[in-house]
Amino acid sequence: MPWKTLMERFSSSALFTFLAVAGLFHAPAWADTSVLVTVDVESYTNGDPSLQVLGAVPDSSEPLGVPFMARRFAELGIRGTFYVNVYERAKYGDTVLRRAIRDILAYGHEIGLHTHPQPTFGPGGLSRHPLAIQKQILAWGRDLLSDWSGMPILIHRAGGYMANLDTLQALQALGFVADASLAPSVPSPLSKQIPAPYNDVAEIEEIVELPVTYYAQIRLGPYESLRLVDIESSSAEEILAVLAAFARRNGCAVNIMMHSFSLTRYGKADRRPATKLARIAQFVHENESLQFRGTREFLDGWRRGAIQCTPARDFVPTTGLWLTYLRAWERFGDGWKNAAMALSPAGAVSFALLILLLRRRKNLDSPVARARP
Ligand SMILES: [Zn+2]
């Protein structure tokens with residue numbers, strides 16, 4: 001597998017040009033763990049973009065999608081990276097996506113390309129296409145997003161994590177610098193192709209890979225239950241535990257996952273992710289070993305060798321049964337699995353009491369018991 005550290009590729013022309021444009025060559029060195037907050041901007045297959053991209057829900061006076069996130073991130077001292085699925089333009093036109101991009105840039109956040117190519121290029125996730133078609137898809141999306149944003153588009157995340165090594169080759173050929181499609185905790189094509197389940201920054205096929213961070217919620221012998229660091233499906237306590245663990249290891253980056261519909265997933269306002277984000281922001285700001293960074297700033301520091309971190313590529317923190325149980329209560333109404341997990345101790349106690357009761361009744365009914373005075 002031809003991968004090497006980015007420092008060895010100091011002369012990478014795409015990265016060099018990108019950082020020259022960014023004008024960040026003289027930023028100071030740092031010795032902390034970078035926290036990247038990343039948002040996929042998209043609607044469901046048959047979804048309403050006003051709801052799932054902009055977050056216009058009837059029970060909230062303000063939209064809770066991208067406009068809210070862009071403003072709230074800025075208030076919390078977070079520079080977010082928003083990966084925009086421009087391919088769904090074919091479903092509903094330009095207006096909603098361009099409005100989202102305007103808000104993202106107005107608050108100083110970053111734009112990357114998100115590829116669910118189906119509405120424009122037909123069925124199949126990105127990795128289902130051969131290399132040549134992947135190049136076409138990526139170039140089309142890059143050019144449109146660059147036109148809409150007025151920015152160079154150099155970072156990418158595949159929809160559904162449907163990237164493979166061809167994707168990274170295509171990105172490299174097109175001048176992209178970084179990719180965030182690697183999600184080792186889900187069975188994605190790329191995670192099956194690479195030799196190790198990286199959980200921290202690496203260079204693969206000459207692209208800086210920024211994996212979506214994952215953790216083991218439970219470990220029992222060889223069994224482990226893995227989970228993405230996602231603002232919706234993880235609790236604040238779990239995310240704080242992962243951040244603390246990476247900071248202790250002096251890991252390079254934690255990549256937190258969100259969606260434009262994270263606060264409106266069920267068609268109504270859900271402010272729990274915003275509350276979690278505020279707790280995470282407070283934790284990061286109070287911990288000198290952690291620092292929010294935009295992807296550009298991180299890549300600049302990485303390239304200059306200014307980050308005195310140690311990539312924790314094979315490090316998978318464990319959050320444990322107790323935090324898993326607490327999260328099940330927190331998300332009690334979000335599906336039967338959470339409810340079953342939350343109620344499982346009560347069920348176990350009830351079952352044990354029932355067994356004891358039956359045993360006692362059996363003993364009382366036995367001839368010996370009946371013979372007692
Ligand atoms: Zn997506």
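Begin with tyrosine 161, in the loop between β4 (155-158) and α8 (165-173); helices (H or I, at least four residues) and strands (E, at least two) are DSSP runs, numbered from the N terminus. The phi of tyrosine 161 is near 55°, a positive value in a residue other than glycine. Most residues other than glycine have a negative phi. Tyrosine 161 is buried, at a relative accessible area of 13%; buried means under 20%, exposed over 50%, and partly exposed in between (1.4 Å probe, protein chains only).

The model is a predicted one, in which local features need pLDDT of at least 70 and side-chain atom pairs count only at pLDDT 80 or more, whereas totals for chains, interfaces and linings use all residues. Residues are numbered from 1 along each chain as its sequence is written, and side-chain values use heavy atoms, with hydrogens and water left out.

Next, select asparagine 250, in the loop between α10 and β10 (253-259). Its phi is likewise positive, near 55°, but asparagine 250 is partly exposed, with a relative accessible area of 22%.

Now move to the zinc ion. Which protein atoms are its donors? They are Glu42 (OE), Glu42 (OE), His114 (NE2) and His116 (NE2), lying 2.1 to 2.7 Å from the ion. Donors are N, O and S atoms within 2.8 Å of the metal (3.2 Å for Na, K and Ca); water is not among the atoms, so sites may look incomplete. Along the sequence, the donor residues follow the spacing E-x71-H-x1-H. Histidine 114 is buried, with a relative accessible area of 1%, whereas histidine 116 is partly exposed, at 22%.

Select helix α5 (residues 95-106), which has twelve residues. Its buried residues are Val96, Leu97, Ala100, Ile101, Asp103 and Ile104. They cover an arc of only 165° around the axis, which puts them on the same side of α5; the arc is that of the directions from the helix axis to the C-beta atoms. On the other side of α5, Thr95, Arg102 and Ala106 are exposed. After α5 comes glycine 108, with a positive phi near 80°.

Finish with the largest nonpolar core, of 70 residues, where Phe73, Val84, Leu243, Met258 and Ile280 have the most contacts inside it. A nonpolar core is a set of buried Ala, Val, Leu, Ile, Met, Phe, Trp, Tyr and Cys residues joined through side-chain atoms within 4.5 Å. Helix α10 (residues 236-248) gives the most to this core, with seven residues.

Methods:
Expected span 1.5 Å × (residues − 1).
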